Amino acid sequence: MQNSSVHRQKLTKRLVESITPDQTKRKYVWDTEIIGFGLRIYPTGRKSYFVQFRNQYRKNCKIKIGVHGNITTERARDVAVQLMLKVNAGEDPTHENKAKRLKPAIEELARKYLELHAKINKKTKGYTEDRAMLQNIILKSLGTLKVEEITSQDILKIHKNLKKTPYMANRVRSLLSKMFSLSIQWGWRNTNPVLGVERYQEYNRNRWLKEEELQRLWKVLKAYRDQNIANAICLLILTGSRRNEVLHAKWEQFDLEKGIWTKPAHTTKQKKMEHLPLSSQALDLIKKIQTEVKGPYLFPGRVQGRPLQGIKKSWEIIKNRADLRDVRLHDLRHTHASHLVSSGLSLSIVGKLLGHTQAATTQRYAHLADKTLRQATSLP
């Protein structure tokens with residue numbers, strides 16, 4: 001073996017991690033217990049496990065098992081044992097290995113999922129979030145595994161690693177479940193390994209602004225340098241609408257005489273057209289904007305003919321100035337809803353105004369309705 005050095009020792013995790021690479025040539029360490037099982041150490045420091053054997057034609061063959069770090073020494077030993085059992089039984093694992101290489105890996109499934117499903121069926125935000133979860137979590141965890149060899153234990157390991165962020169853990173689980181459902185449709189495997197992994201319990205975040213907090217926010221918004229962004233945030237508060245519904249709102253959607261905002265189905269989360277009655281405060285704000293803004297959008301972006309794209313950075317500045325550091329933009333929707341319930345509107349009406357399709361979504365404000373009922377039934 002040219003330009004290499006050879007040693008024989010039992011391969012253990014401690015031994016493998018203690019071996020220092022030779023800067024000029026590759027090192028080989030052969031296991032003393034499993035014939036043909038070896039470790040190759042490159043000058044770069046990379047260490048890979050393999051087995052070497054002679055096939056039925058007396059030809060030397062090597063099969064790579066995996067790179068240390070991606071696979072443990074114990075797992076590599078187990079694989080080596082299985083491969084050598086096949087060799088001793090007269091089989092040639094290289095044929096099986098070639099067939100395996102032709103089978104789709106998790107990277108291919110991820111690419112197909114984004115191309116054939118997410119890009120077609122999801123909004124830009126959903127597509128971007130899925131791609132980020134794939135790149136930052138899933139592919140880093142599953143590496144180059146083939147689709148058919150991924151087990152429930154593999155998925156469970158990812159799920160447990162995200163235990164401290166149960167919402168993200170469940171989103172990753174849902175994404176994987178959809179991907180493997182598609183892989184079954186495409187004939188890449190027969191079962192969905194995600195089905196044996198239970199979701200974590202999620203708890204709704206119930207944060208809305210108190211009266212004094214809201215007053216501080218109004219004051220900061222009034223003085224903010226970019227009134228286009230400030231007005232968008234004001235409309236979020238006054239209507240309880242979702243961020244993209246407000247940022248992408250067009251003048252053609254508003255009937256200011258009747259005081260109605262008609263949201264097209266393609267702009268709403270539920271994909272249904274919604275008719276939202278506007279309060280006098282909201283109408284006054286919109287009429288004020290109408291005297292200042294030209295173009296199809298209430299809140300024009302920097303690119304002509306395009307709506308305002310992002311207000312996250314501005315919101316960070318605004319909420320810090322108002323001393324509301326734990327408040328998200330979506331909490332403004334909760335604030336609007338809590339005001340409606342506290343003013344005496346029923347939960348069913350509030351749910352309709354917010355575009356909820358399930359009554360359970362509105363139930364988070366039930367205790368506010370109870371407070372209103374108690375006040376109404378109190379004796380003078």
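Is Asp323 buried, partly exposed or exposed? Select Asp323: the residue is partly exposed, with a relative accessible area of 47%. Here buried means under 20% relative accessible area, exposed means over 50%, and partly exposed lies in between (1.4 Å probe, protein chains only).

Before moving on, note the ground rules. This is a predicted model in which local features need pLDDT of at least 70 and side-chain atom pairs count only at pLDDT 80 or more, while totals for chains, interfaces and linings use all residues. Residues are numbered from 1 along each chain as its sequence is written, and side-chain values use heavy atoms, with hydrogens and water left out.

**Stop 1: the loop at Asp323**

Stay on Asp323. This residue sits in the loop between helix H12 (312–321) and H13. Helices (H or I, at least four residues) and strands (E, at least two) are DSSP runs, numbered from the N terminus. Check the backbone: phi of Asp323 is near 55°, a positive value in a residue other than glycine. Most residues other than glycine have a negative phi.

**Stop 2: into H13**

Select helix H13, residues 331–342, and pick out Thr335. Thr335 counts as buried, at 5% relative accessibility. Now show its surroundings. Neighbours within four places in sequence aside, Thr335 is in contact with Trp208, Leu209 and Leu214. Contact means heavy atoms within 4.5 Å.

Next, select Asp331 and Arg328. Their side chains meet in a salt bridge (3.1 Å, N to O). A salt bridge is a side-chain nitrogen of Lys or Arg within 4 Å of a carboxyl oxygen of Asp or Glu. Asp331 is buried, with a relative accessible area of 0%. Arg328 is partly exposed, at 37%.

Elsewhere, select Lys10, Asp31, Glu33 and Arg77. Salt bridges that share partners join these four into one network.

**Stop 3: Glu245 and Lys263**

What do the side chains of Glu245 and Lys263 form? They meet in a salt bridge, at 2.9 Å from N to O. The pair links distant parts of the chain. Glu245 lies in helix H10 (residues 243–247) and Lys263 in strand E7 (residues 260–263), 18 residues apart. Glu245 is buried, with a relative accessible area of 4%. Lys263 also counts as buried, at 2% relative accessibility.

**Stop 4: H4 against H5**

Show helix H4 (residues 106–121) and helix H5 (residues 124–142). Two packed helices are described by the angle between their axes and the distance between the axes. The axes of H4 and H5 come within 11 Å and cross at roughly 170°. That makes H4 roughly antiparallel to H5. Axes are lines fitted to C-alpha atoms, for helices over the stretch in contact, and angles run from 0 to 180 degrees between N-to-C directions. Angles under 35 degrees count as roughly parallel, over 145 as roughly antiparallel, 65 to 115 as roughly perpendicular and the rest as oblique.

Colour the contact residues. H4 brings Ile106, Glu107, Ala110, Tyr113, Leu114, Ala118 and Lys119. H5 brings Tyr127, Asp130, Arg131, Leu134, Leu139 and Leu142. By class, this contact has nine nonpolar, no polar and four charged residues. Ala, Val, Leu, Ile, Met, Phe, Trp, Tyr, Cys and Pro count as nonpolar, Asp, Glu, Lys and Arg as charged, and the others, Gly among them, as polar.

Zoom in on Asp130. This residue forms a salt bridge with Lys122, the closest N and O atoms being 2.7 Å apart. Asp130 counts as buried, at 4% relative accessibility. Lys122 is partly exposed, at 34%.

**Stop 5: H4 against H7**

From H4, the contact takes Ile106, Leu109, Ala110, Tyr113 and His117. From H7, it takes Leu175, Lys178, Met179, Phe180, Leu182 and Ser183. The classes are eight nonpolar, two polar and one charged.

**Stop 6: Lys287**

Select Lys287 in helix H11, residues 280–290. Lys287 counts as partly exposed, at 40% relative accessibility.

**Last view: the whole chain**

Zoom out. The chain has 16 helices and eight strands. Of its 380 residues, 44% count as buried. The structure holds 13 salt bridges.
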